[in-house]
Amino acid sequence: MVQRFFLLAFLTLFAHAAPDLLVYGGTPQGVAAAVAAAREGLRVVLISPTARVGGVLTGGWLATWDLSRDEKKRFLQEGLFLEMYRRFGGDASFDVRRAEGALRRMLEEAGVEVVLEAPLEEVVVQGGYVVRMRFGGREGRVEVPTLVVDATDTAELAALAGARFTLGREDTGLDKGQMAATLIFRLEGLPWGAVFLALNHEGVFRRTGAGAWGRSAWGFGELGEGYLSSSSRFRLRGLNLARQDDGSVLVNALLIHGVDGTNPIALRQAYAEAVAEAGRVVEYLREKSPLLFGSARLAEVAPELYVRESRHLLGLYRLKADDVLFGRTFPDALALGGYPLDGQAYLPGETPYLLGTPAPYGIPFRTLLPQGFRNLLVVSQAASFDSAAAFSARVAPTQVALGQGAGVAAAVARKRGVDLPSLLAPEAFSEVRSRLGKQGARLFAEGGVSKEELDRKDPGFAQAVDLLRRGLFNAPYDLRGELGLSRPILVGVFLASLDHFYRAKGDREALTVVLTARELYRMDLFRPLEAQEARRILIALGKGAGDLLMGKPRGRFLTRGEAARVLYPLFGLSSARASRPPLR
């Protein structure tokens, strides 16, 4: 009743004294946009369709930051992200209730008006401007302020307004699939000290990369591999754990495939099924590892799913995976990114996606500007990023930095009396960057030099870039700022690229060959692939695939550049596309 009264009061106020900026979405980036603009002197209203602020952090319980640092271990995102990080407790993981309280205080201190439980139902656009919206089932339309930021994770406002998008990984030409979602759940009674000791044992760390520090722990991948789910849409991966203030632990591990993040009915159905599966997972953990999980009990589940991907905006610029990997900069960059190109599986059973670790890169303001709109920004993982580029750009710290950039940009546009695309004029955008600097945002990074020019000398460069953009050119974590085309390709990396393609295409016969090879080489996945081994795998795939390697290898091991030149025709991709130079 209170919320409904607040909505009525808001609509009445709105009709007489419209704010300068309306932010739709109580996500981390939405909070950042609202606070940044308010600190620049704008009158700001933040409207959330849910009863919370914090989005995926407080509703999906994603309680661990995906952090990225430069070579001097300094965060690539500072400004409002660094403020949130400190207010949440100054740790990689945080208590979700404390986080929501901190975000509410930031909004209150900045003077932002907050309206909760007001879902958007209608948007009216005239001449490229959003002019009216209807919220919360109310009859009639409400005039909107000059500027609007859509900060929902699925770009709901922009979609209703008629902006153009691709769905999932549609841009790759593989399918319209979306990365697996996750239901995070809370365990009570888990002995944190024992977990810490088990994951930090030297033998475990060396064998699996597991570990624990502060509030965070990650590992137990072997437990996930042994879980038999109730259906193929569920998978238990290695456990990411975040300890809460009350001693309970949030578990990020249960993947749900086939979830359409743009479909509310599908989301509700997937959530209900995942809640039931979470109970099965906890029982399995208790039975499989009684020493560590025997006393654990399922306390509750997150209020909503953690949705990694939905739609991707067609903006004035589309950020590409090679922009990210090579650490490219742009004159209209308003935030830095640097998190690995690390994506979750799209289909049951497939290996995760890792396309390399970027050099620090800039994210252009143009990626937030929908084509054909003058007063609307889209700030979320649904902004104008190719699906593979979003593996990195989607993470919360980067989104908070983009939210701050959007809020400052809105303030500069308002004060100059211009529309948002007009900020691309050099003088105007120089003011945006100057104001961001004064708010503590980081726009430059030392070190992290790209090795793009070295890669360009390889004959397989164009094919490798196109494969990268399609998510079909895996790489180890230690490849930073480069494709590494002169280096040998690893056995597991070569097989992962085959796995991803043949699963997407539904070629069961070819996939069986790949899975057989993976089993045969299970102890050798991290060593270089010999050319003769690659030839045997290609021959087994049939259809003349073995001929693709004839005359290409220059040595004993297959290089990554040679692999790109083999995989490209194997996947039936167009050489015309590969011959075009990558866009900058």
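Mentor: Two strands count as paired if DSSP finds at least two bridges between them. Keep that in mind for this model, which is predicted.

Trainee: Why are S11 and S12 called paired?

Mentor: Four bridges join S11 to S12, and the rule asks for at least two, so the two strands pair. They run antiparallel.

Trainee: What makes S10 a partner of S11?

Mentor: Three bridges join S10 to strand S11 (residues 216-219), which meets the cut-off of at least two, so this is a pair as well. The two strands run antiparallel. Trp 213 stands opposite Ser 216 in S11. S10 and S11 form a hairpin with two residues between them, and Gly 214 in the turn has a positive phi of about 60 degrees.

Trainee: How do you know that S12 and S13 pair, and in which sense?

Mentor: Strand S12 (residues 234-243) and strand S13 (residues 249-256) share seven bridges in the antiparallel sense; at least two are required, so they count as paired. Asn 240 stands opposite Asn 252 in S13.

Trainee: What sheet do these strands belong to, and which strands are its edges?

Mentor: The open sheet has six strands in the order S10-S11-S12-S13-S9-S14, with antiparallel pairing. Its edge strands are S10 (211-213) and S14 (297-301), each of which pairs on one side only. From one strand to the next, the twist averages 25 degrees.

Trainee: What makes H9 a helix that packs on this sheet?

Mentor: Helix H9 (residues 264-288) touches strand S9 (181-188), S12, S13 and S14. A touch here means heavy atoms within 4.5 Å. The direction of H9 makes about 45 degrees with that of S9.

Trainee: Which sheet has parallel pairing, and what makes S1 and S7 a pair?

Mentor: An open sheet of five strands, in the order S3-S2-S1-S7-S20, has parallel pairing. Its edges are S3 (113-115) and S20 (376-378), and its twist averages 15 degrees from one strand to the next. Strand S1 (residues 21-24) and strand S7 (residues 147-150) are joined by four bridges in the parallel sense; the cut-off is at least two, so they pair. In S7, the bridge partner of Tyr 24 is Asp 150.

Trainee: What is known of the second largest pocket?

Mentor: The second largest pocket has a volume of about 960 Å³. Its lining has 33 residues, with Pro 49, Thr 50, Thr 154, Leu 267 and Glu 304 nearest the centre. H9 gives the largest share of this lining, four residues. By class, the lining has 13 nonpolar, 13 polar and seven charged residues.

Trainee: How do you know whether the radius of gyration agrees with that of a compact globule?

Mentor: For 584 residues, a compact globule would have a radius of gyration near 25 Å; the protein chain has 24 Å, so the value agrees.

Terms used: Residues are numbered from 1 along each chain as its sequence is written. This is a predicted model: local features need pLDDT of at least 70, side-chain atom pairs count only at pLDDT 80 or more; totals for chains, interfaces and linings use all residues. Side-chain values use heavy atoms; hydrogens and water are left out. Axes are lines fitted to C-alpha atoms, for helices over the stretch in contact, and angles run from 0 to 180 degrees between N-to-C directions. On a 1 Å grid over the protein atoms alone, a cavity is a set of points where a 1.4 Å probe fits but cannot get out, and a pocket is an open set with protein on both sides within 12 Å along at least five of seven lines; lining residues have an atom within 4 Å of a point. Grid points are joined across faces, edges and corners, and a volume is the space filled by probe spheres set on the points. Ala, Val, Leu, Ile, Met, Phe, Trp, Tyr, Cys and Pro count as nonpolar, Asp, Glu, Lys and Arg as charged, and the others, Gly among them, as polar. The radius of gyration is taken over C-alpha atoms; the globule rule is 2.2 Å times the number of residues to the power 0.38.
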